[in-house]
Amino acid sequence: MNSVQENKNELEAAVRYCESAISRAKATIESMEFRQQAASKAWHEQTGREESLLKKLEAMTDKYDKMKGYADQLLDDNIKREDKWDEAQAEIATLKDQVAELSKAYKDSTNEEITMKKAWREQRELVALRDDQIAMLERRLAKKENPYPFNEGDIYYVFDQIDGSWISSVWDSESERIHDARSLPDHPHKVYFTVDQKNVLDKFKP
């Protein structure tokens, strides 16, 4: 009897042990299934993140390529604008030089015109002075009572052709004698000038 009871007890213990092992095996299987599901979920989530990141990367790459192309185009346009700017500056410099040359030519022409007008006025005054001198001599010579260009005591000038100076004299009998003398060649002493005429000529001295 004891032997049967012991065997029964052992069988019951073995059954309980098996049940316990089965329970632990089920728990392990459930744990493994849960871990597998969690791993699968994590993998899918990771894969989804990778795909999302890959799409973002592709979008950013496309955007970078577009921005780079735009930047390259801007750089090319800027280089072209700089070339055009340099050409415009060179053209402006050329135009400035031409304007300066035209301004100088105009200024020279104006100065030349002013000089010519001044010389013409001086020549006109000299001609008028000579006409006055001739008229004066003609009037004085026309007077029978005084055939000389000056009256006694008048101050007059003659021009020294050697050193270019004025010689001042007072008309007297000696002046009349020299005026009538014919021994001097060309009678340069007969070219007389009054005080006013001498003052006018002095304005034209250099």
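This briefing walks through the fold, the hairpin, the cores and the salt bridges of the structure above. The model is predicted: local features need pLDDT of at least 70, side-chain atom pairs count only at pLDDT 80 or more, and totals for chains, interfaces and linings use all residues. Residues are numbered from 1 along each chain as its sequence is written, and side-chain values use heavy atoms, leaving out hydrogens and water.

**Overall fold**
- You will find three helices and two strands in the protein chain; these are DSSP runs numbered from the N terminus, with helices (H or I) of at least four residues and strands (E) of at least two.
- Along the sequence, the order is α-β-β-α-α.
- Of the 206 residues in the protein chain, 11% are buried (buried is under 20% relative accessible area, exposed over 50%, partly exposed in between, with a 1.4 Å probe and protein chains only).

**The hairpin**
- Strand 1 (residues 155-159) and strand 2 (residues 166-170) run antiparallel and are joined by five bridges; strands pair if DSSP finds at least two bridges between them.
- Phe159 sits opposite Trp166 of strand 2.
- Six residues lie between the two strands of this hairpin, and Gly164 in the turn has a positive phi of about 75 degrees.

**Nonpolar cores**
- The largest nonpolar core has seven residues: Met136, Tyr148, Phe150, Tyr156, Val158, Trp171 and Tyr192.
- Another core, of five residues, lies apart from it and includes Tyr157, Trp166, Phe193 and Leu201.
- A nonpolar core here is a set of buried Ala, Val, Leu, Ile, Met, Phe, Trp, Tyr and Cys residues joined through side-chain atoms within 4.5 Å.

**Salt bridges**
- The structure holds five salt bridges (a side-chain nitrogen of Lys or Arg within 4 Å of a carboxyl oxygen of Asp or Glu).
- One of them links Lys68 and Asp72 at 3.4 Å, N to O; both residues lie in helix 1 (residues 2-142), four residues apart, about one turn of the helix.
- Lys68 is partly exposed at 40% relative accessibility, and Asp72 is partly exposed at 35%.
- Lys104 and Asp108 form another, with their closest N and O atoms 3.0 Å apart; about one helical turn separates these two because they are four residues apart in helix 1.
- Lys104 is exposed, with a relative accessible area of 54%, while Asp108 is partly exposed at 37%.
- Glu174 pairs with Arg177 in a salt bridge whose closest N and O atoms are 2.5 Å apart; they are three residues apart in helix 2 (residues 173-180), so about one helical turn separates them.
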